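Subject: Handover of a structure and the findings on it

Dear colleague,

Please find the structure below, handed over for your use. The findings follow directly after it.

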Amino acid sequence: MHMYKQCLIAAVGFIILVSSNNAHAIPAFSREHNTECATCHTIFPELNEYGDVFLKNGFVWAKHKKEDQAAKPEIRGEGDPALLEKLKESAATGAAPKENGPVMSATHKSEPLWLAGLPQTVPLSISATLNAAYNDDAQYDNVDLSTRALSLLAGGVFRDKLGFFLKYNLYAEGEFVPAASNTPLNSDSPNAKDLEQFYLVWRNTLGTPINLKAGRFRPQLSLWQKSNKVSISDFATTSYRVGSSTFTTDSTADAIEANAVLFNRLYLAAGVVDRDGQDRNEGYGHISVKIGGSDFHAREPEMDLDNESIMDYLYLVVGGYGYTGRNSVSLASNERNNFYRAGVDLDLVVKSARLKLAWANGEDKNPDFSSHVKTPSDVFAAQGSYMVTKDFMALFRYEYQDIDGVTTERYIPTVSFSPLEIQNTKVTLEYQHAETENVTSNIALLGIRVAF
Amino acid sequence: MNLIKMFVLLILLSIVATPVHAKIRAVGKGDKMNFDPSQIPADLRGAFEIMKVKCVQCHTQERTVIAIQTGIAPVTGQPFDKQATKAYGIKMLRKPKSNMTREEVKQVVNLMNFLIDEAAKP
């Protein structure tokens, strides 16, 4: 019984901890490019294929240069005179006699700002999450309602050359301990993880297709990072932990990464992670291929508009990754845990339906930092989702986790609604049924998130 | 004295000058902006009706008007030419819940190509 309660508490804590994370969906991009959230997201922060391209391209819309002529906007027509005047002004700075001139993405581009390399708008956003959890088996309190996260986000690009992204957690809920408090205090670092991400991307380094990324970020491993999801909880394949090790494939880390799109449909990334307190760096690599749909430069596929084919509405992304590293409990400790992770992901989209498959495999050689007992891990997740309407998605996820012979299965139905009229607001209802050995737990979560 | 003459001349010129009207006209402002229906030929009226109903499900007509008038897609900054109209048509056809059929996309692409041609006329 004691173990049963511990499992429940741990499960709630885990869900709350992971649900406070978010990332790339930031209204600063909407403001800068004068476009709606749905341009890049299904239901935020899950990316659609164009949002994925925007991210891969260092926060710049992929440019499709015509070989025979440069884009020279010529203002024609009539309509709103004031608007046309602004367009002329915009075209004056966007007509690109200068290489890599500003993109005419809005009607208010300023030449001085462009010359200074500054974004056209202050690229700041706020993201806030409110969660309510109901746990019928909780020891002290069935209902938990509190603000879970408040984050400051910034992102953009300086003159199409240097992309940047920042996420600073103004408030992040710590580990949930019902015995202590229903609404725990804001945790200090490291749980608060104040500066969760800050990185720079040197786009097309020295004229090559390679983007160099440096700073604190999530290494490019799985396709299903926690910043790319609709549900409240994360995929087990990216969030599971082994023993006392805090490593997950979704952990942020101080790292340098090189990534590139090759042959339009192949994406490669490789990087090194510098972990505090050790002189040996960790390494990782990622490869993914896209079949069908638009390519990684957002070019649409050729399509015969006279003949119907289901293949026109289908695309498939297959990705693989590997990570090798080691960690310890403290800088002073000599006990190291050498570990690796490897995984394969699949993303299949057919019209409004989407299937995500993920498999992760790993081994930790000393995950409790004392006994040096090898601990293998195998985790599988499958999620099907369907866009019922443009602003309503239903999804179901199944997860199977085996860590050193201890298996856990999770069944997670979820619905999420982000009204078209206010795309910066999202309501998500998620239910989790988990079975670990002979212990089951049932938790319902309601999450409300706003970003502005 | 010369300065005064020039000033008067400029004022007179500004009074008698008329704005240049290109082929593409828009009516309304902001999210109410649309192409002037009177410039749409009869055989493209059906496509115009489709455009008015289907395209505005996700974005305003202002975005399309700007793209046609400037030759630049407002969000991406990419050239908006006949090659682009087909690509956008395909994109909208593939977009989940766009509720557009191939036939509708073909008609709207044809209409946008017509508007691009008209806008190109001096």
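The term needed at the outset is pLDDT, which is the predictor's confidence in each residue, on a scale from 0 to 100. A second one is contact: two residues are in contact if their C-beta atoms, placed from the backbone, lie within 7 Å. This is a predicted model, in which local features need pLDDT of at least 70 and side-chain atom pairs count only at pLDDT 80 or more, while totals for chains, interfaces and linings use all residues. Residues are numbered from 1 along each chain as its sequence is written, and chains are lettered from A and ligands numbered from 1 in the order in which they are written.

Confidence in chain A

The average pLDDT of chain A is 81, and 79% of its residues score at least 70. Over residues 7–23 of chain A the pLDDT stays under 50, and the model has 52 contacts beyond four places in sequence for this stretch. Residues 92–107 of chain A also have a pLDDT below 50, with 43 contacts in the model beyond near neighbours in sequence. Where pLDDT is low, the predicted coordinates should not be read in detail.

Chain A

Chain A contains six helices and 16 strands. Helices (H or I, at least four residues) and strands (E, at least two) are DSSP runs, numbered from the N terminus. Of its 452 residues, 41% count as buried. A residue is buried if 20 or more other C-beta atoms, placed from the backbone, lie within 10 Å of its own, exposed if 12 or fewer, and partly exposed in between. Among the contacts in chain A between residues at least 6 apart in sequence, 58% join residues at least 24 apart.

Most residues other than glycine have a negative phi, and most peptide bonds are trans. The peptide bond from Phe44(A) to Pro45(A), however, is cis, with omega near 5°; Pro45(A) is in the loop between α2 (27–33) and α3 (49–56) of chain A. Asp160(A), in the loop between β2 (143–158) and β3 (162–172) of chain A, has a positive phi near 60°. Asp160(A) counts as buried because it has 21 C-beta neighbours inside 10 Å. His372(A) is not a glycine either, yet its phi is positive, at about 55°. The loop that holds His372(A) runs between β11 (353–364) and β12 (375–389) of chain A, and with 13 C-beta neighbours inside 10 Å this residue counts as partly exposed.

Chain B

Chain B has five helices and two strands, in the order α-β-β-α-α-α-α along the sequence. Buried residues make up 34% of its 122 residues. Of the contacts in chain B with a separation of 6 or more, 56% are between residues 24 or more positions apart.

Helix α5(B) covers residues 102–120. The expected span of a helix is 1.5 Å times one less than its number of residues. For the 19 residues of α5(B) this gives 27 Å, and the end C-alpha atoms are 27 Å apart, which agrees. Its buried residues include Val105(B), Val109(B), Met112(B) and Ala119(B), and what covers the buried residues of α5(B) includes β2 (34–35), α2, α3 (61–70) and α4 of chain B.

One residue of α5(B) is Leu115(B), which is buried because 25 other C-beta atoms lie within 10 Å. Leu115(B) touches Ile24(B), Phe35(B) and Ile68(B), residues up to four places away in sequence not being counted. Leu115(B) and Ile40(B) are 75 residues apart in sequence, while their C-alpha atoms are 8.6 Å apart in space.

The axes of helix α2(B) (residues 45–54) and α5(B) come within 9 Å and cross at roughly 105°; axes are lines fitted to C-alpha atoms, for helices over the stretch in contact, and angles run from 0 to 180 degrees between N-to-C directions. The two helices are therefore roughly perpendicular, a term for angles of 65 to 115 degrees. Among the residues that make this contact are Phe48(B) and Met51(B) of α2(B) and Val108(B) and Leu111(B) of α5(B).

Helix α4(B) (residues 82–94) has 13 residues that should span 18 Å, and its end C-alpha atoms are 19 Å apart, which agrees. Its buried residues, including Tyr88(B), Ile90(B) and Leu93(B), pack against α5(B).

Yours sincerely

Note on methods: Angles under 35 degrees count as roughly parallel, over 145 as roughly antiparallel, 65 to 115 as roughly perpendicular and the rest as oblique.
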